[in-house]
Amino acid sequence: MKRKVGIRTYLREECIVFHKTKESFGALSNMSSGFPITINNRHISTSEALYQACRFPFNPSLQELIISQTSPMTAKMRSKPYRNETRADWPMVRVRIMRWCLQAKLIQNFAIFSEILQGTGEKPIVEYSSKDNFWGAIPQGDSTLVGANVLGRLLMDLRLQLQQNLFSADHLPPPEVDNFLFLNSPIKEIYPRISENDSSDLFT
Ligand SMILES: Nc1nc(O)c(N)c(N[C@@H]2O[C@H](COP(=O)(O)O)[C@@H](O)[C@H]2O)n1
């Protein structure tokens, strides 16, 4: 079911606001490199590429094109011309899928990403955006950001799970989404990456 998400107003000085990946807490962004994810034995450079690939369960060659991009912004751009081929139930499943993408980023980069998430303390986490008030929040004047901030809220949920020891760091089942296909196969459970310390994607 598609739920309405509430628009909120955030006072910038009270929040962890992330925007550009090289700035403070930029690692929280899906556009951040250095947090690779392996799905069904395939390497994906960023959570953004994974999320965009999930739009197209019935187009494996497009998924291949998207996940072969090391740049997260390019991965998103590659998906843009095909937006009208996005799975029909996307508005109903995209938040569930985004939650799972963030969980996948966490389980496979646990040491560093859990530290970054916990480093946000108790503050509201907000993705600054100049135009997207669904995933992020848009500046209104100098001191406030206004938006549904769904990405920030999912990150806060994940942080809470960590704080309450409710995040299972040893395996992650796929979300309950029909036809959750990746390169023609159902997406399987995800496990921690064996080579988490291999930071070859860092700073790309
Ligand atoms: N274009 C763009 N630039 C950025 O720097 C961003 N952080 C985002 N937002 C991210 O895009 C994803 C959602 O994409 P859709 O537009 O819904 O396909 C999500 O990861 C946002 O955080 N966009």
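Let's start with Gly152. Leaving aside residues up to four places away in sequence, Gly152 touches Ile125 and Trp135. Keep in mind that this is a predicted model.

Where does Gly152 sit? In helix α6. Is Gly152 buried or exposed? Buried: the relative accessible area is 0%, and the cut-off for buried is under 20%. Now take Tyr128. In sequence, Tyr128 and Gly152 are 24 residues apart. In space, their C-alpha atoms are 9.4 Å apart.

Stay with α6, and bring in α5. Helix α5 covers residues 110-118, and helix α6 covers residues 150-163. Their axes come within 9 Å and cross at roughly 105 degrees. That makes the two helices, α5 and α6, roughly perpendicular.

Which residues make that contact? From α5, we have Phe110, Phe113, Ser114, Leu117 and Gln118. From α6, we have Leu155, Leu158, Arg159, Leu162 and Gln163. Sorted by class, this contact between α5 and α6 has 6 nonpolar, 3 polar and 1 charged residues.

Next, α5 itself. Which of its residues are buried? Phe113, Ser114, Ile116 and Leu117. Look down the axis of α5. The buried residues fall within an arc of 160 degrees, so they line one face of the helix. Here is the general point on helices. An α-helix has 3.6 residues a turn, so residues three or four places apart point the same way.

What do the buried residues of α5 pack against? They pack against α4, β5 and α6. In residue numbers, α4 is 90-107 and β5 is 125-127.

Now α4 against α5. Their axes are 6 Å apart, and the packing angle is about 120 degrees. On the α4 side, the contact uses Leu102, Lys105, Leu106 and Ile107. On the α5 side, Phe110, Phe113, Ser114 and Leu117 take part.

One pairing in detail. Strand β7, residues 144-147, pairs with β6 over 3 bridges, in the antiparallel sense. Across that pairing, Pro139 stands opposite Leu145 in β7.

Conventions:
Residues numbered from 1 in each chain as written. Predicted model: local features only at pLDDT ≥ 70, side-chain atom pairs only at ≥ 80, totals over all residues. Heavy atoms only, no water. Pairing = 2+ DSSP bridges. Helix = DSSP H or I, 4+ residues; strand = E, 2+ residues; numbered from the N terminus. Axes fitted to C-alpha atoms, helices over the stretch in contact; angles between N-to-C directions. Parallel < 35°, antiparallel > 145°, perpendicular 65-115°, else oblique. Contact = heavy atoms within 4.5 Å. Nonpolar A, V, L, I, M, F, W, Y, C, P; charged D, E, K, R; others polar. Buried < 20%, exposed > 50% of the residue type's maximum accessible area, 1.4 Å probe, protein only. Arc of directions from axis to C-beta.
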